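Try each task before reading its solution.

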Amino acid sequence: MLFKPIHQSYGDFSIERDPQRCIGCQVCLRQCSYGVHQYNDRLCELTQDESRCVGCHRCEALCPTGALTIRRTPSDFRENALWEPTYIKNIYKQAATGGVLLTGMGNPAPYPIYWDRMLLDASQVTNPSIDPLREPMELKTFLGCRPDALEVEYDGGVPRLKTRFTPQLELDYPLLFSAMSYGSINLNVHKGLARAAEACGILYNTGEGGLHPSLYTYGKNTIVQVASGRFGVHADYLRAGAAVEIKIGQGAKPGIGGHLPGEKIGREISLTRMIPEGSDAISPAPHHDIYSIEDLRQLIYALKEATDYEKPVFVKIAAVHNSAAIASGMVRAGADVICLDGFRGGTGAAPTMIRNNVGIPVELALASVDDRLRQEGIRNQASIVVAGGIRCSADVVKAIALGADAVYIGTAALIAVGCTLCQRCYTGKCPWGIATNDPYLAKRVHPDIAAEKLTNLVKAWGHEIQEMLGGMGINALESLRGNRDKLRAVGLHPAEMEVLGIKPAGG
Ligand code: SF4
Ligand code: SF4
């Protein structure tokens, strides 16, 4: 007797195939990496096993006659406000497997999205708005430690700047591509990110998987990451980038490490990560040499020493309950740039319970960190970059008004390349060719096309940012940074407004 486990009986998606339109071309069968579609030779027709469908929409998008429609399965269970179907299905899965529930991408749970509860100001009558099509609008962004004051000396009566600046990154837009490791995404996507970063005058981040030899040429647009596993970290790697980032935590999985399964560690990835082919790449939860701010300082200065004090050092943490105090310690430890990764941040793989229940919204962390550093008089000593669920140019502008110097975009960048947020990155079977190292699937992303899409995205956001600035009568991003008077709250509790440091709309 055929027995189908109960957790496989309740798929999340249904597939409707219109027999009037289906021409039996089998594109769906070839495109689906989950083996959902089958061709029945005897009946000469296509069938499907819906329980395997992850809702990536690849087959639907590529069907030449539009014969397929993927829908969320209507509720399989009796209504129950407490026991929503997701909880029931998760228990079925765990009862069958005894395993941790895994997922990919960022936290999709319905927590408040503070970006949507803040509105921007605009000029009316006095302080007129500026037309960005006719007047210059400065988006140039510098990241790094700034001196407390500028000293000028006179050489034969000619003033000269005496202050020596520590290394700075210069960006043409207040945007960076987030850390995504080679291995969690494939080389084609990394090449696309690197080329787009070069074309836009911004930087991308290697993530914790090292730097493939073919990407050293993009060094001035690269942030090289040092994480707890130290994968792919060596002297040439550190010197190859324009900045070094120490990853302490990640918004999608604060407090835990990472795991890239051995089956994803092919020859090229094993060489780049400097680990044996086929072995699991497990990053420990903590850095085993960091148990205090003093230890962090030692690593920061070890990396500065290794790069001749020529590159700013970023330190990235997940946004958690006491981020402000931690950030203060990071600045005092010598970090040039602080990265705050909120709980909406994406990932290739994370335990579902951690992703959905740990960390805090980055908007609140950003406001409290910026406040704390200002109160302590050390805000100039480090830039702040925020990450974790930045969806559009308005989010960027609001983040800068709240106190950020720049933002990281990760999920938005992958969506630009084709990601449909199916959240199955951890399977290694990404049907869109992104979170996969399968050569057959990886070919679905062409580096040049990916670079073009990413470049378009950055430039489009740049235009929109200029328009929003112009509407506020501001002609340079620098004048918006930390200018919370340009934000007003809608539908927020006074306690939330207090943390964000903004007034209610109408106030
Ligand atoms: S997993 Fe994706 S490609 Fe496969 S049937 Fe579902 S939507 Fe189509
Ligand atoms: S990268 Fe691929 S597997 Fe991951 S969410 Fe996007 S489409 Fe799905």
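Predicted model: local features only at pLDDT ≥ 70, side-chain atom pairs only at ≥ 80, totals over all residues.

**Exercise 1. A salt-bridge network**

Solution: For context, a search of the whole structure gives 30 salt bridges.

Next, take one pair: the side chains of Asp-370 and Arg-484 meet at 3.0 Å, N to O. Asp-370 belongs to helix H11 (residues 362–375), while Arg-484 sits in the loop between helix H15 (447–471) and S22, so this pair ties together parts that are 114 residues apart in sequence. Both Asp-370 and Arg-484 are buried.

Then look at Glu-478 and Arg-481, whose closest N and O atoms are 2.6 Å apart in a salt bridge.

**Exercise 2. Buried or exposed?**

Task: Classify Glu-478 and Arg-481, then Asp-485 and Arg-488, by relative accessible area.

Solution: Use the cut-offs first: buried is under 20%, exposed is over 50%, and partly exposed is in between.

- Glu-478 has 46%, so it is partly exposed.
- Arg-481 has 10%, so it is buried.
- Asp-485 has 45%, so it is partly exposed.
- Arg-488 has 19%, so it is buried.

Now put the second pair together: Asp-485 and Arg-488 form a salt bridge between their side chains, at 3.5 Å from N to O.

**Exercise 3. An open sheet**

Solution: Read the order first: three strands make an open sheet, S6-S22-S23, with mixed pairing.

Now check one contact. S22 (residues 487–489) and S23 run parallel and are joined by two bridges; Ala-489 has Pro-504 of S23 as its bridge partner.

**Exercise 4. A nonpolar surface patch**

Task: Locate Leu-150 and name the residues that form a nonpolar patch with it.

Solution: Leu-150 lies in the loop between strand S7 (141–143) and strand S8 (152–155). With a relative accessible area of 53%, Leu-150 is exposed. Its patch also includes Val-152, Tyr-154, Leu-161 and Phe-165, and the patch has about 540 Å² of accessible area together.

**Exercise 5. The shell of ligand 1**

Task: How do the residues around ligand 1 divide by type?

Solution: List the shell, which includes Cys-32, Cys-53, Cys-56, Cys-59, His-37, His-57 and Arg-58. Sorting the whole shell gives nine nonpolar residues, two polar and one charged.

Note on methods. Residues numbered from 1 in each chain as written. Chains lettered and ligands numbered in written order. Heavy atoms only, no water. Patch = residues over 30% accessible without salt bridge, like charges linked within 9 Å, V, L, I, M, F, W, Y side chains within 5 Å. Areas by Shrake-Rupley, 256 points an atom, 1.4 Å probe, with all protein chains shown as cover. Salt bridge = Lys/Arg side-chain N within 4 Å of Asp/Glu carboxyl O. Helix = DSSP H or I, 4+ residues; strand = E, 2+ residues; numbered from the N terminus. Buried < 20%, exposed > 50% of the residue type's maximum accessible area, 1.4 Å probe, protein only. Pairing = 2+ DSSP bridges. Near = heavy atom within 4 Å. Nonpolar A, V, L, I, M, F, W, Y, C, P; charged D, E, K, R; others polar.
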